[in-house]
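Dear colleague,

I am handing over the structure shown below. Please look through it first; my notes on what was found in it follow.

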Number of protein chains: 4
Amino acid sequence: MKFREPVRDKRQAILEAALVLFAERGFHGTAVPEVAAAAGVAAGTLYRYFASKEALVNALYQQWKGALLSALLSDFPVDESPRQQFHELWHRLGRFATRHPQEFAFLELHHHAYLDEASLKMEQSGMQLLKGFVEQAQAEQAMRPARAELIMALVYGAFVGLLKGCAQGYLKLTPALLSAAEQLMWEAIRV
Amino acid sequence: MKFREPVRDKRQAILEAALVLFAERGFHGTAVPEVAAAAGVAAGTLYRYFASKEALVNALYQQWKGALLSALLSDFPVDESPRQQFHELWHRLGRFATRHPQEFAFLELHHHAYLDEASLKMEQSGMQLLKGFVEQAQAEQAMRPARAELIMALVYGAFVGLLKGCAQGYLKLTPALLSAAEQLMWEAIRV
Amino acid sequence: MKFREPVRDKRQAILEAALVLFAERGFHGTAVPEVAAAAGVAAGTLYRYFASKEALVNALYQQWKGALLSALLSDFPVDESPRQQFHELWHRLGRFATRHPQEFAFLELHHHAYLDEASLKMEQSGMQLLKGFVEQAQAEQAMRPARAELIMALVYGAFVGLLKGCAQGYLKLTPALLSAAEQLMWEAIRV
Amino acid sequence: MKFREPVRDKRQAILEAALVLFAERGFHGTAVPEVAAAAGVAAGTLYRYFASKEALVNALYQQWKGALLSALLSDFPVDESPRQQFHELWHRLGRFATRHPQEFAFLELHHHAYLDEASLKMEQSGMQLLKGFVEQAQAEQAMRPARAELIMALVYGAFVGLLKGCAQGYLKLTPALLSAAEQLMWEAIRV
DNA sequence: CATGAATGAGTTTTCATTCAT
DNA sequence: TATGAATGAAAACTCATTCAT
């Protein structure tokens with residue numbers, strides 16, 4: 001009697017609205033009723049889906065940190081050369097950031113002082129997986145023998161810096177730019 | 001009846017207190033009375049020195065962004081080789097971040113959605129100066145001919161990533177680490 | 001798919017759940033959805049049986065105030081001596097409070113600022129009936145000639161105080177205790 | 001330059017306003033802004049004096065439970081006869097309830113489910129002191145050898161019942177009524 | 001100039017009630 | 001008739017800012 005209203009799912013609508021606002025104005029800079037209004041629901045409704053504002057931001061963080069890690073690592077070409085693996089990682093990062101610019105901004109351009117244990121655990125597990133890739137490449141003597149954490153911090157930091165430059169309008173995120181950036185950063189870490 | 005240190009300068013005390021709190025909890029996560037209390041002044045007094053909370057954070061941003069730019073660029077060895085100049089820039093960044101970790105965290109680890117024009121202008125003028133260095137090095141064919149903004153975004157992003165890794169405890173900011181990082185990033189951008 | 005007990009009567013289930021919660025946490029301290037959940041029905045269902053939260057608490061009050069009055073007065077031994085009648089009343093009060101401790105607590109240990117006219121009328125009619133007993137005993141010169149309302153207030157207040165002492169853990173409601181209390185209070189009012 | 005405005009003290013004004021409203025409508029039935037408005041202050045001001053609504057009600061409870069205990073026990077005539085001591089206690093209770101009817105109603109006519117440890121301790125220490133009086137009278141064989149807690153529950157309950165009767169309009173709190181009540185209750189407990 | 005109590009609009013959150021299913 | 005998601009007004013509480021002292 002009622003054609004599927006385009007409400008997909010209120011929980012999802014709330015998550016999407018929150019993402020946009022948190023990415024733009026930060027967690028503390030965004031009021032719950034603003035999120036609710038942007039999601040097209042009443043303020044009280046938000047609390048049927050999330051126990052608190054903090055629970056909401058953690059759910060958001062876990063959803064997208066998980067998506068990012070999954071995008072980076074699912075079906076990772078474990079048998080390829082380090083150079084090829086690096087290309088793959090950088091390319092996947094670029095694709096994720098191109099398709100989900102607000103999500104990436106939310107994840108990486110903000111200082112998250114309110115994360116719960118589950119969120120922190122997810123963060124750390126991602127680090128571990130990447131560390132494995134770095135150490136394997138080092139074992140194959142295809143990557144400089146610096147501390148794995150240092151290499152990861154520099155490479156990931158460089159990528160985030162690139163995205164920040166795009167967000168601020170200094171750069172435009174194109175395949176060519178990504179490719180150039182990849183080449184530079186590979187030079188930084190190759191043997 | 002009053003044993004506080006000679007009240008150096010209340011404005012300065014407020015700026016220092018605000019810096020610590022903003023770096024830790026962010027702008028919106030910090031209450032003005034907290035800042036005042038931490039500075040050892042009354043809440044009303046803060047408003048004699050700053051028109052609003054936003055004016056305070058902008059003053060802080062300009063103070064330290066200016067200090068950072070000044071640290072990077074004053075007496076810059078314009079006649080040295082690009083490699084030497086890069087070393088100098090990286091070393092100065094490292095020294096600044098080592099001496100002023102909270103200031104650096106405030107400047108670079110937060111998303112500043114409240115900056116006024118003066119702050120934005122300062123940000124941009126810093127970029128211009130660094131761009132000049134990159135372009136000169138490229139003119140000397142000592143640095144790859146990529147877009148200057150790309151090189152700056154990657155290098156500065158890598159440095160910020162390094163500091164974030166230190167802030168999160170994955171790394172420890174030592175001269176050796178800085179030196180290793182410098183070497184890697186130079187490889188990224190040298191011809 | 002549904003193993004709840006034969007849903008006796010939803011109205012009754014709601015009343016029972018409300019009683020427990022109102023007795024424990026008070027009317028304003030209890031949320032309607034909590035009552036519904038405790039009764040095993042949906043929140044909306046409650047409103048099929050009671051027009052509002054106030055209607056619910058008044059129905060509850062009337063149900064149990066009525067039950068208490070009925071327990072006190074049905075088949076009252078009108079021909080017995082005043083002493084015997086007092087014994088009967090005290091004993092019936094004790095039995096009611098023993099069998100229905102939460103009901104008694106709800107009725108007498110809370111300040112009911114929301115009673116409607118029907119509830120107040122019930123309260124008053126109970127008073128009238130007891131007043132008759134007192135006045136008859138006084139006419140027979142078996143009870144002191146104080147104001148009937150005074151005697152009732154003291155005796156009933158003493159009983160409530162006894163129950164409050166039990167609820168707080170100072171006393172334990174045993175037949176022996178009730179009997180001792182009865183004896184003391186009879187001494188208070190006998191000629 | 002400004003003659004002492006009749007604000008006595010805002011903390012006191014808040015306590016007084018809260019007392020009236022809590023006595024009438026109960027703790028959960030009273031909204032904080034109502035208390036503030038009745039006290040003639042802004043809602044936020046209340047929180048400068050009390051950390052929370054619960055802290056307010058506990059402060060109120062302790063203030064008046066303390067006043068009641070003090071009224072009962074300060075300069076207690078320890079050398080008088082038990083009968084005389086009972087008269088004194090009853091009289092003091094009556095005077096307190098006459099002078100502070102709302103305070104007494106707040107203390108004794110509500111179910112306080114939110115008391116903190118300090119409040120509970122105060123309650124218990126009052127009980128202990130009164131218990132001492134009962135036990136001494138029993139030792140002198142001037143009071144029936146029932147459990148002290150029972151005697152206290154009945155006598156105090158009777159007094160509360162009397163006040164409840166007055167609050168509901170059945171009785172009027174006069175010296176004569178108090179005196180009559182005292183005589184009845186003494187008969188209950190004397191040997 | 002400095003203070004800090006006071007403000008009241010704004011925040012997060014709750015809850016009595018409704019209504020589409 | 002029963003449901004329970006949705007509502008939105010109201011609750012408790014916070015905080016940027018003001019102003020009398």
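Across the interface of chain D and chain C, the rule finds three residue pairs in polar contact, both residues at pLDDT 80 or more; a polar contact is a pair of N or O atoms within 3.5 Å, where within protein one must be able to donate a hydrogen and the other to accept it, and residues adjacent in sequence count only if both atoms are side-chain atoms. On the side of chain D that touches chain C, helices H1 (10-25), H7 (117-139), H8 (148-167) and H9 (175-189) of chain D each supply at least two residues. H8(D) gives the largest share of that side, ten residues. Helices here are DSSP runs (H or I, at least four residues), numbered from the N terminus.

This is a predicted model, in which local features need pLDDT of at least 70 and side-chain atom pairs count only at pLDDT 80 or more, while totals for chains, interfaces and linings use all residues. Residues are numbered from 1 along each chain as its sequence is written, chains are lettered from A and ligands numbered from 1 in the order in which they are written, and side-chain values use heavy atoms, with hydrogens and water left out.

The same interface can be described further. In total, 37 residues of chain D are in contact (heavy atoms within 4.5 Å) with 37 residues of chain C. The rule also finds two salt bridges between these chains, a salt bridge being a side-chain nitrogen of Lys or Arg within 4 Å of a carboxyl oxygen of Asp or Glu. Glu187(D) and Arg144(C) meet in a salt bridge through their side chains, at 3.9 Å from N to O.

Within chain D, Lys65(D) lies in helix H4 (residues 53-73). Is Lys65(D) buried or exposed? Lys65(D) is buried, with a relative accessible area of 8%, because buried means under 20% relative accessible area (1.4 Å probe, protein chains only). Its side chain makes a polar contact with the side chain of Glu108(D), at 3.0 Å.

Finally, 32 residues surround DNA strand F, and the closest include Arg48(A) and Lys53(D); a residue is near a strand if one of its heavy atoms lies within 4 Å of it. Sugar and phosphate account for 71% of the atoms of DNA strand F that come within 4 Å of the protein. A polar side-chain atom of Thr45(A) lies 2.6 Å from a phosphate oxygen of DNA strand F.

Yours sincerely

Key. Buried means under 20% relative accessible area, exposed over 50%, partly exposed in between (1.4 Å probe, protein chains only).
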